[in-house]
Amino acid sequence: MGSSIGANIRRLREERGWSQARLAHEVCKAARVQGDPVGRQEVSRWETGKRTPREWLPSIAAALGVSMDVLRTPLTAPEPPLPTLADFLPAEDPLEPLSDRTGRRIGRGDVDDLRQRVHGLRLADDVLAGGDLIRPALRDLRRAVKVYRENTYTSEVGKQLLRQIGELAQIAGWIASDAGQHDEAERIYRLGLSAARQAEDHTLAGHIAGSLAYQMSNNGREGEGVTLAQAALNDAGPDAPPKARALYLDRVAWAHTKAGEAQPAMRALGEAGQALSEDTPGAESPAFLYWVSAGELRIMESRVYTELHRPLRAVPLLREVLGGYDATHTRELALYLSWLAVALADANEPEEAAAVAERVISLGADTPSERVAERVRVILGRLQEYAEVPEVAALLAEHPAA
């Protein structure tokens with residue numbers, strides 16, 4: 001109790017801007033004693049808990065203008081501040097327009113052209129891997145930033161340009177990450193985050209931040225991934241479109257999963273499902289969220305179960321989703337099958353796991369995706385435990401683990 005009283009004395013003294021000597025004087029004054037028997041050192045002993053001011057407590061309370069109960073009440077630890085996306089902006093603004101812009105006047109038609117290129121790149125990413133798309137993605141992004149910095153436009157057109165640069169940075173960052181260029185992807189994501197925030201598009205900013213959090217979580221930066229995914233959710237706020245909130249919560253769930261935090265992960269998954277259920281036909285959603293669906297949430301749920309080594313839940317979910325999955329999305333199909341292979345291994349079904357792994361390797365052979373390559377390495381490593389099973393032995397002999 002003494003330490004709580006001491007902490008309260010110090011807090012109340014500092015709130016009043018008093019020195020320890022001033023408080024000592026005020027206590028003696030309240031006690032109506034002469035000669036200041038309480039000095040600065042005595043106050044210091046109270047505040048550090050070295051001495052409990054039992055007989056002086058009423059006078060301390062009177063001097064500070066509070067009740068003795070206030071002095072006795074244990075302090076509750078202040079809640080840590082919520083993380084914000086401002087902490088993840090680039091150190092310098094790479095979007096600052098040139099002071100002497102000599103380019104042409106940009107109008108809405110130019111913005112529409114850029115919007116179409118961004119959407120086309122996003123659709124291409126559905127069926128092509130990062131290795132195929134990294135060059136055109138980076139070229140388009142550099143060109144868009146150059147247009148924004150070197151030309152003139154109205155404030156509204158400038159905001160629309162920033163929004164399209166943000167969308168382009170999100171998909172370009174995703175492509176770079178899939179190609180294994182993680183440092184480049186992070187620079188692109190941070191550029192996009194700056195553009196989205198300058199455009200005051202909080203929904204887009206959350207999407208970009210969630211994408212970077214996903215990369216962090218998958219590449220040994222689990223703590224940062226949790227912080228950034230949570231910041232994306234917090235900054236977007238409760239008024240974000242239902243699909244966006246579902247996606248943010250999906251990223252939070254994965255970040256907690258990679259950090260080994262099962263309960264927060266499961267809680268976020270449940271909240272993601274609830275958010276998506278609020279996506280009524282009349283609800284507005286940005287075009288870049290076209291792919292967010294109940295099926296995508298089930299895939300994430302199954303991946304969480306796999307990562308947490310709960311195969312009895314993961315395997316049925318993965319089989320259900322994969323049963324109707326679009327086979328033209330080769331990379332995603334390979335990735336999702338890789339989770340099924342690991343879940344089957346966890347379920348002590350090595351023969352079936354080997355068969356699924358063979359299919360993943362076959363799909364990945366013509367898919368220049370570092371994510372797929374990494375998942376193949378994970379599967380082969382997981383199957384080492386079953387190296388004596390004939391089907392697994394044959395697979396490992398043909399595809400030695402890297």
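**Exercise 1.** Find which residues Arg-251 touches, not counting residues up to four places away in sequence.

*Solution.* Start with the term: a contact means heavy atoms within 4.5 Å. With that rule, Arg-251 touches Trp-174, Gly-210, Ser-211, Tyr-214, Ala-229 and Trp-291. Before going on, note that this is a predicted model, where local features need pLDDT of at least 70, side-chain atom pairs count only at pLDDT 80 or more, and totals for chains, interfaces and linings use all residues. Residues are numbered from 1 along each chain as its sequence is written, and side-chain values use heavy atoms, with hydrogens and water left out.

**Exercise 2.** Work out where Arg-251 sits and whether Arg-251 is buried or exposed.

*Solution.* Next, Arg-251 is buried (under 20% relative accessible area, 1.4 Å probe, protein chains only). Finally, look for a partner: Arg-251 has no salt bridge (a side-chain nitrogen of Lys or Arg within 4 Å of a carboxyl oxygen of Asp or Glu). The nearest side chain of opposite charge is Asp-250, 5.2 Å away.

**Exercise 3.** Now zoom out and describe the protein chain as a whole.

*Solution.* Then take the extent: the C-alpha atoms fill a box of roughly 90 × 70 × 40 Å along the principal axes. Last, count the cover: 49% of the 402 residues are buried.

How values were computed: Buried means under 20% relative accessible area, exposed over 50%, partly exposed in between (1.4 Å probe, protein chains only). Lys and Arg count as positive and Asp and Glu as negative; His and the chain ends are not counted.
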